[in-house]
Amino acid sequence: METDSLLTRSVNGASGDYGSSSGTEHGGAPGSRRMSYSVAGCSFEGAADDENLYIQQAVVFIEDAIQYRSINHRVDGSSLRLYRWYYSRICQWGLGLTIAVVLLLAFVERPSSLSVSSDPRHRSPPWNPPCGLTESIEMVCLLIFSLDLAVKSYLIGWEEFRKSKWLIGYTVVISASIIDWVLSVSMVCDERLRVRRLLRPFFLLQNSSLMKKTLKCIKRTLPEIASVILLLALHLCLFTMIGMLLFAKTEDPNKNGEWELHFRNLPNSLTSLLVLLTTANNPDVMIPAYSLNRGYSIFFVTFSVIGTYCLMNLLTAIIYNQFRGYLLMSVQTSVIRRRLGIRAAFQVLSCQGARQATEERVHVDALLEVMSRVQMKSYYRAAITTEMRQYADVGYMDREQFRRIFDELDKDLIKEHPPLPQYNSPVLQKLQVIFSHYYLTILGNAVALVNVMCICTLLVLNSEKSTVERDNFIMEIINLCFILYYLFEMCVKIFAFGWRGYLSYRNNIFDGFLTILLLALQIMIYVTYRLPYSQWEPSSHGVLSLWEMVRLVNMLIVFRFLRIIPDIKLMALVASTLMDLVKNLRAFAGILVVVYYVFAVFGIWLFEGAITPPPEMSVHSNTSTENITSNFSMECGTYEQLGYWPNNFDDFAAAIMLLYDVMVVNNWQAFMDAYSRYTTDWAKIYFVCWWLTSSVMWVNLFVALILENFIYKWDRSHSCSVTDVERISYETSVQLMFKEHIQEPTEEELLCQLHQHPHLHLHWHQHLPAVVSQETATK
């Protein structure tokens, strides 16, 4: 590997010795020897004698720190330009769009989901794309993924590529997909299985570092989850054997109801109690026995209390505790990456000024130039630049000062409302005080409540009337009065706060948008039908679209009542928690998409076309299913009797919906029973695996993160006023949630990480005592 030495010098002076930290290195094994390192110089692979290179390197390292990216990539000029181009917004959006396209192909490929209904009784033949259409799109996507792999591999180098299991897996998945694509085209798209469909979710996983970390957390949590699931299995097997002994077949057929329906054999008994664990068949499962003897209820109640209310909730507690610990470890890794990127940026910038100074420091002008090139949010740039100007007179910063100004990256935006406009007139000033008072908002909420109550009253009175019989005159007069008040409230708030001040409140934006929309809809109605009068009957015009607009007005008024949420502290806290989940649950949602995708593909492979309605039940799309009569007999509570025909595995969209129904566990035994009857009893394994994956594991992980998010917000807002809750929502992120529990890396740890950089070479001298492992000392 070619290395051009840019600079070699000793580090002395005001910046202090790097080895002064006395912290203990994590994972230090017995036999470690005490020593420390201080930086003596730096050199870079493929570097040129151009001081602009230092600026480029610092820019990239700071951008890596902002995005929590690894700095273990090439640092020569051409590689840095390629690196920044690769991580530019347009390239990342393009790659994300490519991943979305390749995943969405499953809805168009055979079996296509492009039909109005998924019910096989009256489903029209779906449109299937001609052979070569989706294959061409897929090949373009695979070529983009290949280019992505090539760029990533080049940027990190061969040594780092060999260590990356994700990139090796990326290579294998792309290769297998191309091979399967070639086989598909050679068979004229007539193949039964497309293996590459099962591999597509990998593209989504490998493109998200947060998703990888979440997956790693889930992987490490699995042993604890498995222990509780094993206990659940033991509980299930024990009660299954007891149930088979209690409800054995007797000579009296009138007493065999429980045996016949739920405990006929081992698979049937296991299934019945497993479904009872989810409460989906309660109390149906115990009614035959309970009708004979009330004492039998003890068996079922004991099973439910131990299994459903103890073990299942214990599983939630274990998942919350374990996953929180591993998520904290993941956040700790992200923080180390940020600190390492900042430390590397300081190192290269201090190398730039080495000829003019004997101390390790960074010139403020150089850092200002770096900040002008860094791609970052404007409020971060402004905050860091403001901190830098404190050192403008001195002209340079040492290591600690450099690190301190970049602590602004750990502070999320806290929204500040602009000052109120100034009026010279005493009358306007008094009006401004009145209209900016909190009581105006309370009055507006009361008026909105009255409006909703009026609509509710009219709906109750007119519930049995047709649209022609309803008194539309009263409805329109009421709507007009309330909308005019909403318009008045919006105008006086704009007067009191100014345009910028009014729009700085999110609830005002919500309120103002709906007010303008309501006003526009009412104007359109009155322009068409003139002003309302006592015999006003717009329905006589026969314009149904306007009637839909009238209904829309009422729905918007009801929806507008949500404006009260920010004004009730606990409600505002819950709402802000839900909003934060949208930001913090992207990784969870991505993994859920992957799991849904994989199980849907497996479901289509296993059960496509397995359930078909009897010929006498097939109807045309324009026939009402209520008018169908047939001699087809159906057992009560089964898939057929409940009319679950649209829930099937005949196409990808229907499979996704069926999996969702099973995840909700309401009547999920009907699906499991139907597919085991139409195929084989082994089909139950598929549904049990999906229940364990989705309802037991993922839902509990979802609950764990909701708890963590809500507890964090509750602790912070417990002593806050209502208006402060809105500020807290701007500060919540996964990193900030664990900020108090994160251990900052020591200088010694950062230098050891820099020492191991494959392309950034630092020379070391033994110095003050510290604990370093024998392996690091050998390197």
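This report covers the disulfide, the cysteines and the cavities of a predicted model.

## Basis

Residue numbers start from 1 along each chain as its sequence is written. In this predicted model, local features need pLDDT of at least 70 and side-chain atom pairs count only at pLDDT 80 or more, while totals for chains, interfaces and linings use all residues; side-chain values use heavy atoms, without hydrogens and water.

## The disulfide

One disulfide turns up in a search of the whole structure (a pair of cysteine sulfur atoms within 2.5 Å). Cys131 and Cys189 form this link, with their sulfur atoms 2.0 Å apart. The link is right-handed, with 70 degrees about the S-S bond. Cys131 sits in the loop between α3 (89-104) and α4 (133-163), and Cys189 in the loop between α5 (165-186) and α6 (195-199), so the pair ties together parts 58 residues apart in sequence. Helices here are DSSP runs of H or I, at least four residues, numbered from the N terminus.

Cys131 is partly exposed at 39% relative accessibility, whereas Cys189 is buried at 7%. Buried means under 20% relative accessible area, exposed over 50%, and partly exposed in between, with a 1.4 Å probe and protein chains only.

Cys310 is partly exposed at 41%. Cys752 is buried at 4%.

## The largest cavity

The whole structure holds eight cavities of 30 Å³ or more. A cavity is a set of points, on a 1 Å grid over the protein atoms alone, where a 1.4 Å probe fits but cannot get out; lining residues have an atom within 4 Å of a point. The largest cavity has about 60 Å³ of space, as filled by probe spheres set on the points. Its lining includes both Cys131 and Cys189, along with Glu109, Arg110 and Arg194.

Note on methods. Helix = DSSP H or I, 4+ residues; strand = E, 2+ residues; numbered from the N terminus. 1 Å grid on protein atoms, 1.4 Å probe; cavity = no way out; pocket = protein on both sides within 12 Å on 5 of 7 lines; lining within 4 Å.
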